[in-house]
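Dear colleague,

Please find the structure below, with its sequence. The findings follow, and I would be grateful if you would read them with the coordinates open.

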Amino acid sequence: MKQQIKTIGWAITLLIGLTACQSSDKQQDSAQQLQQVELGSRSYWLALPQQYQPANSYKLLLAFHPSGGSGNGMQSLSHFEQMSDDYIVAYPDSEQVEWNEGCNCNIAHRLGADDLGFTADMIADISNRYTVTPGEVYAAGYSQGGLFVQNLACNLPHLFKAVAVVAASMSTQLASDCSPEAAVSLMMIHGTADTVLPYTGVEHNNFGLISSPDAIALMAEKNGALPYALHKASVAPDTNLTSYHNGTQKFQLYSVEDGGHNWQFTGFDTSRRIMTFFAELDQPELPEHSKLVTTEQGQFHVRAMGLDNPGPAVVLLAGPNYNYHSDSAWFAALQPLLAQQYRVYSIDRLGNAYSSKADELSYRRFADDLAAVLQQLQETQLALVSFSSSSISARWFYQQHQQQFDIKAMLYIDPDIPLPHSLSLYQGYPADWYLANLPALLPHLAAGNWTERTKDKLNVEYQEVQQLVAQHNVQLDWSYFEQIIQQRLLIPQQQARAIEIAGYIADLDGYAALPMLSAIPISVIDSDFEQQQIDSVQEDEPELAEALRLWQQEGSAWSAEQASLSNGQYIALSNSDHLVPVQQPEQIKQALDWLFGQLQLP
């Protein structure tokens with residue numbers, strides 16, 4: 001390819017040839033359906049919704065043609081106005097043979113075409129003529145028009161909610177200069193066998209291109225996206241998806257295997273896919289097996305696996321590690337393992353993972369939320385697996401909803417211990433600090449003041465999980481793990497964590513008031529993770545070491561008693577980390593197998 005592209009003029013000539021191949025009759029028919037609007041010395045073609053009503057407000061979409069093309073030619077290619085009655089669509093004409101795309105290398109740049117200014121003027125002109133919904137302006141571009149749309153995303157992002165780029169990577173110059181002052185969602189669609197504007201990029205002194213994967217990663221980074229991309233295969237025929245997000249905006253690349261320099265691909269309707277992207281900006285791209293379950297309380301992230309397996313549903317409830325990070329990432333090894341035999345759901349509380357945010361959060365509240373989610377899932381026969389402090393939710397769920405659901409058994413993993421000494425530790429620092437400082441802390445978090453420290457903690461946790469997995473030869477779904485842990489960086493998730501910690505003291509009081517269960521078997525896995533803490537402070541803080549030792553002893557005694565009283569198993573793990581679901585998922589499966597065997601469940 002390096003030898004083929006000698007000058008920018010060569011690329012322009014080929015693009016003009018491609019555009020000229022379109023049917024001139026079809027362009028003429030399409031043009032008759034459009035209104036040409038003069039704007040100074042420039043013009044654009046306007047298409048109103050088929051059911052246009054002057055009193056209504058509409059979204060606005062600008063569609064930019066390829067090099068050598070025209071606005072009405074772009075309309076005959078894309079037909080955006082036929083996709084939705086919610087949009088007014090404008091198809092602008094370039095002043096020169098191509099758009100001033102931001103590479104500082106082409107004809108439009110040399111002749112001083114102010115295409116950025118023209119775009120801003122066009123939006124203002126249409127907004128004066130019609131009622132455009134504030135904040136609902138979009139752009140799409142094909143080929144060299146797609147390169148220009150990237151220029152819009154870099155230099156006029158405040159004017160757009162989202163943009164889409166088809167059959168174009170990104171110029172090296174724009175990639176170097178791009179510094180958006182506002183975030184804007186961006187979608188790219190590109191054939192991997194494109195020889196005009198190559199998917200893999202091209203090195204050239206005048207018209208260099210970075211690859212499309214590099215372009216979407218770059219734009220994601222410049223718009224504050226979370227670090228780990230979500231990769232999904234076969235989202236359409238021969239099409240793979242790479243997706244980033246920042247909690248508000250999305251940045252996605254659809255890679256069409258062996259696709260050429262085309263607008264449309266077999267089995268992939270580009271125009272409809274773009275309109276769907278614009279319509280679903282508020283919906284996160286979810287990992288495989290994940291979905292959002294809607295209740296009156298909000299949307300809950302649920303990962304469902306092994307749905308064809310018989311018997312009671314196994315419900316996984318996450319609890320916190322020492323940083324109070326608590327979500328279904330901890331089940332990235334356990335759930336796929338259990339799903340080989342069981343029907344398994346991991347359900348994230350509000351404010352965690354992809355679940356929606358809420359102002360009032362607690363482990364007790366989640367017991368009621370859980371009931372609503374399980375109703376939507378149409379699951380009534382259950383076995384609950386709770387990790388760490390989620391034992392509060394599991395026990396409260398049984399107390400409040402035992403008549404509504406057929407709860408067969410529970411498995412506690414390092415549960416909270418509702419006894420005086422343990423409670424005194426749980427309800428001390430940091431829980432008491434969060435409770436006292438929550439009103440001031442929430443706006444402090446909203447300003448991003450703890451994001452870097454959260455990132456540092458996540459990096460340490462990631463390395464710790466890597467070590468645990470390597471030491472014990474555990475198969476962990478790293479893609480899922482990464483997608484969930486990075487959600488913890490988002491401000492709403494940071495605030496939710498603070499709200500939950502502040503409510504932890506009251507949660508524990510309610511939990512401690514409940515008696516031990518004897519009606520169903522409860523097995524308890526009791527790791528000796530406290531020993532690491534005891535050893536670390538033994539020499540310098542002997543009083544703290546003794547308090548931790550009493551906590552360990554009290555916890556083991558309570559766990560053994562609860563298991564014995566309910567005819568469950570007490571399983572003591574030595575030399576174990578607290579993250580048992582990551583370190584020893586096989587041990588959890590064996591404990592669950594035992595419970596199902598005792599109850600003679602399928």
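**Aspartate 369 and its surroundings**

The side chains of aspartate 369 and arginine 365 are joined by a polar contact of 2.6 Å. Please bear in mind that the model is a predicted one. Aspartate 369 belongs to helix H11, which covers residues 363–377. Is aspartate 369 buried or exposed? Its relative accessibility is 3%, and the cut-off for a buried residue is under 20%, so aspartate 369 counts as buried.

Leaving aside residues up to four places away in sequence, aspartate 369 touches Gln297, Phe300 and Leu350. Of these, glutamine 297 is 72 residues from aspartate 369 in sequence, yet the C-alpha atoms of the two are 7.0 Å apart in space.

**Nonpolar cores**

Which residues of the largest nonpolar core touch the most other members? They are Ile347, Leu374, Phe397 and Met410, in a core of 62 residues. Helix H17 supplies the largest share of this core, with nine residues. Another core, of 56 residues, lies apart from it; among its members are Leu60, Ala139, Leu156 and Tyr199.

As for leucine 374, its contacts, again without residues up to four places away in sequence, are Val315, Ile347, Glu379, Leu382, Phe397 and Phe405.

**The second largest pocket**

The second largest pocket holds about 740 Å³ of space. Strand E12 (250–256), helix H9 (270–279) and helix H17 (491–512) are the elements that each give two or more residues to its lining. In total, 31 residues line this pocket, and those nearest its centre are Gly247, Asp282, Gln283, Pro284 and Tyr354. By class, the lining comprises eleven nonpolar, 14 polar and six charged residues.

**The protein as a whole**

The protein contains 21 helices and 20 strands. Taken along the principal axes, its C-alpha atoms fill a box of roughly 85 × 50 × 45 Å. Of its 602 residues, 59% are buried. What share of the contacts between residues at least 6 apart in sequence joins residues at least 24 apart? The figure for the protein is 75%.

With kind regards

Note on methods. Residues numbered from 1 in each chain as written. Predicted model: local features only at pLDDT ≥ 70, side-chain atom pairs only at ≥ 80, totals over all residues. Heavy atoms only, no water. 1 Å grid on protein atoms, 1.4 Å probe; cavity = no way out; pocket = protein on both sides within 12 Å on 5 of 7 lines; lining within 4 Å. Points joined across faces, edges and corners; volume = space filled by probe spheres on them. Helix = DSSP H or I, 4+ residues; strand = E, 2+ residues; numbered from the N terminus. Nonpolar A, V, L, I, M, F, W, Y, C, P; charged D, E, K, R; others polar. Buried < 20%, exposed > 50% of the residue type's maximum accessible area, 1.4 Å probe, protein only. Contact = heavy atoms within 4.5 Å. Polar contact = N/O pair within 3.5 Å; in protein donor to acceptor, adjacent residues only side chain to side chain. Core = buried A, V, L, I, M, F, W, Y, C linked by side-chain atoms within 4.5 Å.
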